[in-house]
Amino acid sequence: MLYNILLIDSNPIVFDLVQGEWKKYGGCLTNVQTTQEATAELRVKEHHLITIVKDYVGDLLLSTVKDMHDAYELPILVLTSHYDGVEKVAALRNGADEYLLIPETFEEGIMTGIALIRRYRNTRSRNQNESKLSFQEISLDRQKKQVTVAGKPIELTRGEYACLELLLSQPARVFTYEMIYFHTYGDEAPAENVTGAVRNLINRIRKKLGSDYLKYIRTFQGVGYKLDYPTVL
C-alpha cells in the first residue's frame, strides 16, 4: 500500500528523517511551505493525509487548517512541540482530525496518520456504495439512474448525471476542474479548455436544478466546485 502524505513544514532535516521512516510503511512525503503550494500539489496528485507542523505555520495554524479542510476532504493531522488545549479545540473546530504533541517516536506519528487515512477511506467507501445520494432537496438514485429536486424528476445528460453524482458522493469536498472533467468524460480526448468545459457543464446542471436550488453548487474560483449551503454565486 502506498500512502501519499503532504507535509506543510520547512525543516529539511526533519523531512528527510520522517520521509525515511514513512518509506518503511509504504509512505511517500511531499514537503510544501505555503497553502498555495499545498493547493497546487493537491490539484495534480492524489494524497491521503495532510500533516501541518504548528511550529512552522505559527499563528496561521487555524487559517491553514480551515483552508485545507474547506478545499479538500482529506484527514488533517496537526503536530506541535507545545501542546495547547484551547488551540487544539480551535483546530478541531476548523477541520483538523487530530492534534498531537510531536511524538517521541516516528512510529507513533506514522501509526496515527495511517489510522486517520483508514478511517477516512472506510467512510468514503460507505458513501460511494450507497444506492441513493442526497443533499438538501437534491436526490440521486443510482439504481434508477434518476435525479429529483424537491421530489420532482429532472432530465440530465449522461455527463450531467456523472458530474452531479460525483458532487453528491462527497458533499463539502471541493472537486477540481480536472477531477470533474475526467470523472465525467473518462478516457475521451481532453478538451482544449478543461476549465471552460466544466464551467459549461455546471451551468447546464444549475439551470436544470432551477433558480431555487442552483445555489447549492458553490464555485471556488480557480479551483472547482462543491455542494454547499446557500452562498452568493
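Biologist: At what angle do helix α4 and helix α5 pack, and how far apart are their axes?
Modeller: Helix α4 (residues 61–71) and helix α5 (residues 85–93) pack at about 20°, with axes 9 Å apart. Axes are lines fitted to C-alpha atoms, for helices over the stretch in contact, and angles run from 0 to 180 degrees between N-to-C directions. Helices (H or I, at least four residues) and strands (E, at least two) are DSSP runs, numbered from the N terminus.
Modeller: One caution. This is a predicted model, where local features need pLDDT of at least 70, side-chain atom pairs count only at pLDDT 80 or more, and totals for chains, interfaces and linings use all residues. Residues are numbered from 1 along each chain as its sequence is written, and side-chain values use heavy atoms, with hydrogens and water left out.

Biologist: Are α4 and α5 roughly parallel or roughly antiparallel?
Modeller: Roughly parallel. Angles under 35 degrees count as that, over 145 as roughly antiparallel, 65 to 115 as roughly perpendicular and the rest as oblique.

Biologist: Left-handed or right-handed crossing?
Modeller: The crossing of α4 and α5 is right-handed.

Biologist: Which residues make the contact?
Modeller: From α4, L61, L62 and V65; from α5, E87, A90 and A91. Contact means heavy atoms within 4.5 Å.

Biologist: How do the residues of that contact divide?
Modeller: Five are nonpolar, none polar and one charged. Ala, Val, Leu, Ile, Met, Phe, Trp, Tyr, Cys and Pro count as nonpolar, Asp, Glu, Lys and Arg as charged, and the others, Gly among them, as polar.

Biologist: New topic. Where is H47?
Modeller: H47 sits in the loop between α2 (35–44) and β3 (49–53).

Biologist: Buried or exposed?
Modeller: H47 is buried, at 5% relative accessibility. Buried means under 20% relative accessible area, exposed over 50%, partly exposed in between (1.4 Å probe, protein chains only).

Biologist: What does H47 contact?
Modeller: Leaving aside neighbours within four places in sequence, H47 contacts N4, I5, L6, T30, E41, L42 and L74.

Biologist: What about K145? What is its phi?
Modeller: Near 55°, a positive value in a residue other than glycine. K145 lies in the loop between β7 (138–141) and β8 (146–149). At 56% relative accessibility, K145 is exposed.

Biologist: And A150, where is that?
Modeller: In the loop between β8 and β9 (152–154). A150 has a positive phi of about 55° and is partly exposed at 44%.

Methods: A crossing is left-handed if the near helix is turned anticlockwise from the far one by less than a right angle, and right-handed if clockwise.
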